[in-house]
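Visitor: I have a structure to go through with you. Could we take a few sites in turn?

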Amino acid sequence: SPFPKAGERPCYRVYEKGRLRHGVYCHGIKHGREGTPPQLTDSWICGPLWVTADLADGHDSNYGLLLQFKNRRAKRREWAMPLHLLKGSCEELRGELLNMGLEIDPNNRNLLPAYLQSRKPAKRLVSAVNVGWHGKAFVLPHRVIGGNGDVRFQAEYADRHEYATRGTLDGWRDKIARYCVGNPNLGFSISAAFAGPLLSPCHMNGGGFHGFGESSVGKSTGLKSAASVWGGPEFMRSWRATGNGLEGAATLLNDGLLCLDEIGEADRHDLGRVVYAIANGIGKQRANRYGAARALNRWTVLALSTGEKTFEATLAEKGEAPRAGQMIRLLNVEITGQHGAFDDLHDKPNGRALSDHLQAAVTEHYGTAGIAFLERLTADTRDLPAALDAEFQRLCTDDLSPQEGRAARRFALVAMAGELATEFGVTGWPSGTAREAARVMFERWREHHDAPTVETDQILRAVSDFIDRHGDSRFSAITDDRTVINRAGYFRTNAASEREYLFNASGMREAL
C-alpha cells in the first residue's frame, strides 16, 4: 500500500500518480477498546491541492496562502487565497474552489480547512489586494508583470474576466489599431486606454473624458476599441449602476482604464458625486457592523465616457447644476467626423461598415495590447514626469488658465501614452499619430469650454432661473410698501426702461 504506516500517522498526503484516486488524503489512526489493534483510516478530501507559499503584505497584514491544484479536467490552477476565508464554516472557500473545478468530497469537506492550516510552506511572497502598481511590478488578477516575481494578487474571488485575452497582438494591430490612423476620435480613445498605468508614475490624479455626439455616429465603437486594449466585452461598464457599484469597478481597475457607456442612463442622484469620486480616487467612508470605520477604497483610473449630450447638459437634464470642478474632472470632447465618428474609411465603403468591422473585431482580438504595453513599460527606466512635461509643451503653444492647464496636462498624458505604445511596437502606428489625435481633441475641448467664465456663467444662469421662477411673488417695486411673504428682494426701472432686481442677502444665498 502507498499509504503511510501507523507510526507516521496522523498526516496528510497528496497523490497524483498510480491507480489510487488522485487527491489529498487524511491518514488517521483510530484507537479502539483496550486490547484491540488500532484502526487505520484513509479519507479522501479533495483533488490534488498543494500550498506552495505563504503570503502577507508589506504591513504584515492581509495574510494568505498560495494554492495550486488540479481541477476536474486535470488543468493546473493557482489562487492566492486570503486566510480569513478559513473562518467559520468555510463555505465561501469551498464555493470558490468548486467554481474553479476542484473536486471536494462532501462527506469529508470539514477536513479541508484543517489540511490547509497544517501546511507551513517555506516560500514567502508578497500579497497585493489591488491590481495596479506594486513597487516596480504591475499586478493583474491572473499575472504579475515586471518586478522580481515575489508578488501575487490576492482576492476572495479567483476568477476575474475583466483582463481576459483572446486572439493575437498582430491580429489586434491589423483588425483594430490600423484603422486609427487618420481617425482622431478612434486614435485618441485607444491612446487614452494606455494612459491609465501612467497616472501614478507621473504623479497625476485620475479623471476622464466624455465623448458626446449624435446617436449612432460611432461613440460606443470607439469606447469598445479602447476597452479591447485590456479585455473583452466584460471590460466595458455602463453608467447604469449605483455609486457603490462604480466605486467597486474603479477599485478593481486601479491604475487602468474605466469605460462607461451612455451617461444618460446614470442615476441622477449619484452622477455628480460619482464623477468627483472617480477623479479623486477615494470611496465613501462606511462603517462596519460594529460601528467602526471600514478601510476606504482607493484607486487611480482614467475614465472614458460616452453620451449623446455633454456632461453638464446631462446633469441639468437630471435637475442638478453642474460645477466647474466636475467639468474639469470629466472633459467634454465632441465625437464628430466626415463619416460619423470617422474621417478615413480605409478599405471600407462607409462609416457603418467600418463601425461594424470594429464591433466584430473587438470580440476576437483583445487584452494582448495592454499586456505587451506593460511588459515594455515595467522595464522602461526613463523619467516619465519629464517626458510628460515635454509633451505638455508640445501641446500648448499659448498661455492657459489654471483650469485649461490642468485639462491640457491630461490630454498630453494621452498623447504620451499613445506615442509610448507606438515606440514599444504595440500599435503599429506612424510616429506622431497619437500626438496629432490628442491635439485635435484638445482643440475641440477648448471650443466647448471657456474656462475663465465657467463659474460666472453658472452664477448668472442660477440668478436668472430664480427670477424666472419667482418674479413678482418674491419681489416688489422698491417704492411699494406691500408685504411680500418670504421676500427675496425688490425691483426698480432704470433709465432704459429695464427692470433691475435688487436681491436681499437671504434671497441671493437661495438663488445660488
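**Two loops and a helix**

Visitor: Where is Asp 270 found?
Guide: This is a predicted model. Strand S14 covers 256-261 and helix H8 covers 271-280. Asp 270 is found in the loop between S14 and H8.

Visitor: Is Asp 270 buried or exposed?
Guide: The cut-off for buried is under 20% relative accessible area. Asp 270 has 18% relative accessibility, so Asp 270 counts as buried.

Visitor: Which residues does Asp 270 touch, not counting those up to four places away in sequence?
Guide: Contact here means heavy atoms within 4.5 Å. With residues up to four places away not counted, Asp 270 touches Thr 242 and Gly 243.

Visitor: How far apart are the end C-alpha atoms of helix H14?
Guide: H14 runs over residues 402-423, which is 22 residues. At 1.5 Å a residue, H14 should span 32 Å. The computed distance agrees: 31 Å.

Visitor: How many residues of H14 are buried?
Guide: H14 is mostly covered. Of its 22 residues, the buried ones number 17.

Visitor: Which residue just after H14 takes a positive phi?
Guide: The phi in question is about 80 degrees. The residue is Gly 425.

Visitor: Is Val 484 buried or exposed?
Guide: Val 484 lies in the loop between strand S17 (475-477) and strand S18 (489-493). Its relative accessibility is 11%, so Val 484 counts as buried.

Visitor: What separates the C-alpha atoms of Val 484 and Met 441?
Guide: Along the chain, Val 484 and Met 441 are 43 residues apart. Their C-alpha atoms are separated by 52 Å.

Conventions
Residues are numbered from 1 along each chain as its sequence is written. This is a predicted model: local features need pLDDT of at least 70, side-chain atom pairs count only at pLDDT 80 or more; totals for chains, interfaces and linings use all residues. Side-chain values use heavy atoms; hydrogens and water are left out. Helices (H or I, at least four residues) and strands (E, at least two) are DSSP runs, numbered from the N terminus. Buried means under 20% relative accessible area, exposed over 50%, partly exposed in between (1.4 Å probe, protein chains only). The expected span of a helix is 1.5 Å times one less than its number of residues.
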